[in-house]
Amino acid sequence: MALTAAAAVGLTGCRQEGPGGLDSVIVAVTADKRATARLEHDGYPVQWLTCTGKAEDPGVTEKGGARPVTAVGVDCDGRTSGGQKIIVYGRVTGLYDDSCVQGKLTAKVDGKTVFTASVLGDCSGSGVTNGGGDCGGGGGGKGGGDKSTGNKGNKGDKPVDNKGDKHWQDGHQQSK
């Protein structure tokens, strides 16, 4: 995804996207950055990765007004420097700066799941924007680092049960 200097400047600071909630472009760019960092940390050098985001329809209020966007579906495609195919997909429900995404993201390299995470990046700042709250509130993981789900190689990580999420089945996002 090409990013202009003006757009990159807009990605800093505590993000509250106002009445519209999460912004799908900012979510996609941040997910790209955080997934790339995680893949490289895990030993998969990224040649390129491109992510797109699609805001989930938040519905309307009782008075007919639009609700803020609280979730964005993310799909990424790319290649490692060795030519292996990368896909990253999932659902982002919170952002902090360009340093943290929260939700449920899965990365695969040549068809092998290399991580599934509920947090990518450092969410230890002043808070996580969830599309409706302010930046002083909770929701962010305590301390730095990624919070993976279900991978044995990540010491101290707690698995997350996705059974209650109607958009996830067997670790994969399902269409509505």
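Which residue just after α2 takes a positive phi? That is glycine 43, with a phi of about 95°. These legends walk through close-up views of a predicted model.

View 1. Welcome to α2, which covers residues 24–41 and has 18 residues. From first C-alpha to last, the helix reaches 25 Å, close to the expected 26 Å. At its start, look for aspartate 23, where a side-chain oxygen comes to within 3.0 Å of the backbone nitrogen of valine 25. Buried residues of α2 include Ile26, Val29, Asp32, Arg34 and Leu39.

**View 2. The largest nonpolar core.** This core has 27 residues, and Leu39 and Val74 touch the most other members. Elements giving two or more residues to the core are α2, β1 (46–55), β2 (72–80), β3 (85–96), β4 (100–109) and β5. The top contributor is α2, with six residues. Zooming in on valine 74, its contacts beyond four places in sequence include Val27, Ala31, Cys51, Val88, Tyr89 and Leu105.

**View 3. Arginine 38 and the ring of phenylalanine 115.** Here the charged end of arginine 38 sits over the phenylalanine 115 ring, 4.6 Å from its centre. Arg38 is among the buried residues of α2. If you go looking for aromatic pairs, a search of the whole structure finds zero.

**View 4. Threonine 116 in strand β5.** Threonine 116 is found in β5, which spans residues 112–121. This threonine counts as buried because its relative accessibility is 15%, under the 20% cut-off. Its side chain makes a polar contact with the side chain of threonine 106, at 3.3 Å.

Notes. Residues numbered from 1 in each chain as written. Predicted model: local features only at pLDDT ≥ 70, side-chain atom pairs only at ≥ 80, totals over all residues. Heavy atoms only, no water. Phe/Tyr/Trp six-rings, centres within 6.5 Å; stacked < 30°, edge-to-face > 60°. Lys NZ or Arg CZ within 6 Å of the ring centre and 35° of its normal. Helix = DSSP H or I, 4+ residues; strand = E, 2+ residues; numbered from the N terminus. Expected span 1.5 Å × (residues − 1). Buried < 20%, exposed > 50% of the residue type's maximum accessible area, 1.4 Å probe, protein only. Polar contact = N/O pair within 3.5 Å; in protein donor to acceptor, adjacent residues only side chain to side chain. Core = buried A, V, L, I, M, F, W, Y, C linked by side-chain atoms within 4.5 Å. Contact = heavy atoms within 4.5 Å.
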